[in-house]
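Colleague: Please take one part of this model and go through it closely. I would like the charged pairs and the helix packing around them.

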Amino acid sequence: MTIKNKLRTGIGFLFTLALICCGMSIYFLNRLSADAGAILKDNYKSVMYMQNILTAIDSQADGLPAKQQKTINDNLILQEHNVTEVGEQQRTDSVRSVFEQLKLAGNNPVAEKSLRFRLHQHVYGIMKLNMDAISHKNDVANATSKRGTWLVAFFGALLFLVAFSFAVNFPGYIANPIKELTARIRDVSNRDYHQQIHFESDDEFGELGQAFNNMTRKLDEFENSNLASILFEKKRIETIINSMQDAIIGLDEKQVIIFANQVACNLIGMKAEQLTGEYAPDIALENDLMRKLLVNDQAKLRIFADNHEGFYSRESLSVNNKDKVIGKVIILKNVTEYQQLDEAKTNFIATISHELKTPISSIKMSLKLLEDERIGDVNAEQRQLISNIDDDTRRLLLITGELLDMAQVETGKLQLNFGSTHPQNIVDYAVKAIKFIADQKHVEIKVKCDESLPKVHADLDKTTWVLINLLSNAIKYSHEKSVVELTVKKHKNDEIEFSVTDHGKGIEEQYLPRLFERYFKVPNASSEQAGTGLGLAIAKDFIEAQAGKISVDSEIGSGSTFCFTLKRAIAAA
């Protein structure tokens, strides 16, 4: 028989005894409760009714007033509904008969006295009958209590003896094999693989002994055949990791450092022996780089090591085993060269854009002079050419301006002149700057800006540029003779929201997450609508540099709404 079945049999037997004991206790308790309830419900109430009748009869020696008659009648009615004993009904009827005669006795003192005496006798008879019944039922309850006590005590004692025997003998049956197994496992942990266990039982312990013996034999075989191969493979993997140019750190599921190659050790400034086996958050308490590596949102790091500054991209790879994370590998790739190339690109764009603005401005000045009649007359074809050149130069100035703004953002040289201004000032500047373009397309700009709004803490020029850009885009994508809505309102406790809504064709949902990326253009836009793809990206950088947020909401066929928020200005003390 297996240990499971032995446990089931023993516990089942104990459970059965406990169930019988509990059942008998409940049965006798119910019997006692029923007997006591019968005494209280049936006989005690009858005694009380008769006592009330006697009190009413004896309350006045002569005559029977209406109040006493009512008391006697009410208690007699209750008694008539509570007849439980043999002969009680006959006596109750006698009480009723004598009571009715007593009410009719009137002023006959002799008859009244006789009837009172008879009524007393019948009432005392009912009381005696019920008192005898109470005594009898009390004897029955006592007998039931004694019988129940003996039976429950017997089964309780039997249950205790069986449970005591089970508690004394069974732990040794379980503990002795486990104790022997623990001793053998301790020997195996000390690399003594010649241990064997011999359990005589044919239950799970016997199977456990056979399994343990097979395990020790396999371990002995493994120790003698594969250990050298495993150590060689481990050494080769460590050599490969140390030869890599990227910094690599391995953590287990509890964030304990398993390994760190030489590059990682140099960057962290600690030896491999100091890192391996240590809890990474403990190292992070005193090491800034380790603390940054454990933060998942640190994608790009600037690290000073070996007397020079370098840029590294951070990658984190989870190691899974059957959908369970068993570790993590952090990789730092040296991207210093690419960072330098990116900075060179940004500086080149800034330089070229700045150098282009001067000749483009000169071209625009020359175009203005050519349009002046004092310089000379031009024919219609020449005027059209001048107009085309003017459009191209305006577009070139816009592109160079956006490139310069982008270069400022990328190089971190964005200069912000913060001040406190009312939102209405920003709205007025932007609407005046864009009014000419709106009038050309017959687009009406509806402004809703409450004068009671608080002032905002912002760079007036940069914020106005953002609002002009949003209004310009809204007009581009609006139909002729349509409306663009510019609304300024409170967004949260410390923020003011500016929103620009057009009623154009809208933007497909799949493109919304990419609208603020650099050089991204919505597909299928017309040549007049398409820009450089930098305006919204620069607007996002300008707003976020002022601790604000910018967002878009659009639906095909219903138009688009661009919003940005600015912090509320702190009132002067």
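Modeller: Lys137 is buried, at 18% relative accessibility. Buried here means under 20% relative accessible area, exposed means over 50%, and partly exposed lies in between (1.4 Å probe, protein chains only). The model is predicted: local features need pLDDT of at least 70, side-chain atom pairs count only at pLDDT 80 or more, and totals for chains, interfaces and linings use all residues. Residues are numbered from 1 along each chain as its sequence is written, and side-chain values use heavy atoms, with hydrogens and water left out.

Lys137 has a charged partner. Its side chain meets that of Glu85 in a salt bridge, at 3.5 Å from N to O. The term covers a side-chain nitrogen of Lys or Arg within 4 Å of a carboxyl oxygen of Asp or Glu. This pair links distant parts of the chain, 52 residues apart. Glu85 sits in the loop between H2 and helix H3 (88-104), and Lys137 in helix H4 (residues 109-189). Helices are DSSP runs of H or I with at least four residues, strands are runs of E with at least two, and both are numbered from the N terminus. Glu85 is partly exposed, at 22% relative accessibility.

H4 holds another pair. Lys128 and Asp132 form a salt bridge at 3.2 Å, N to O. They are four residues apart in helix H4, so about one helical turn separates them. Lys128 is exposed, with a relative accessible area of 54%. Asp132 is partly exposed at 42%.

Now to H2. Here Asp74 bridges to Lys70, and their closest N and O atoms are 2.9 Å apart. Both lie in helix H2 (residues 66-80), four residues apart, so the spacing is again about one helical turn. Asp74 is partly exposed at 34% relative accessibility. Lys70 is exposed, with a relative accessible area of 53%. Side chains of opposite charge can pair when their charged atoms come close. Glu80, Arg96 and Glu100 go beyond a simple pair: a network of salt bridges links them. The structure holds 11 salt bridges.

Next, how H2 meets H3. Two packed helices are described by the angle between their axes and the distance between the axes. The axes of H2 and H3 come within 11 Å and cross at roughly 160°. That makes H2 roughly antiparallel to H3. Axes are lines fitted to C-alpha atoms, for helices over the stretch in contact, and angles run from 0 to 180 degrees between N-to-C directions. Under 35 degrees counts as roughly parallel, over 145 as roughly antiparallel, 65 to 115 as roughly perpendicular, and the rest as oblique.

Several residues make the contact (heavy atoms within 4.5 Å). From H2 they include Ile72, Leu76, Ile77 and Glu80, and from H3 they include Val95, Arg96 and Phe99. The residues of this contact divide into five nonpolar, four polar and four charged. Nonpolar covers Ala, Val, Leu, Ile, Met, Phe, Trp, Tyr, Cys and Pro; charged covers Asp, Glu, Lys and Arg; the others, Gly among them, are polar.

One more residue belongs in this picture. Ser46 lies in helix H1 (residues 3-58). Ser46 is buried, with a relative accessible area of 0%. Leaving aside neighbours within four places in sequence, Ser46 is in contact with Gln79, Asn82, Glu88 and Asn130.
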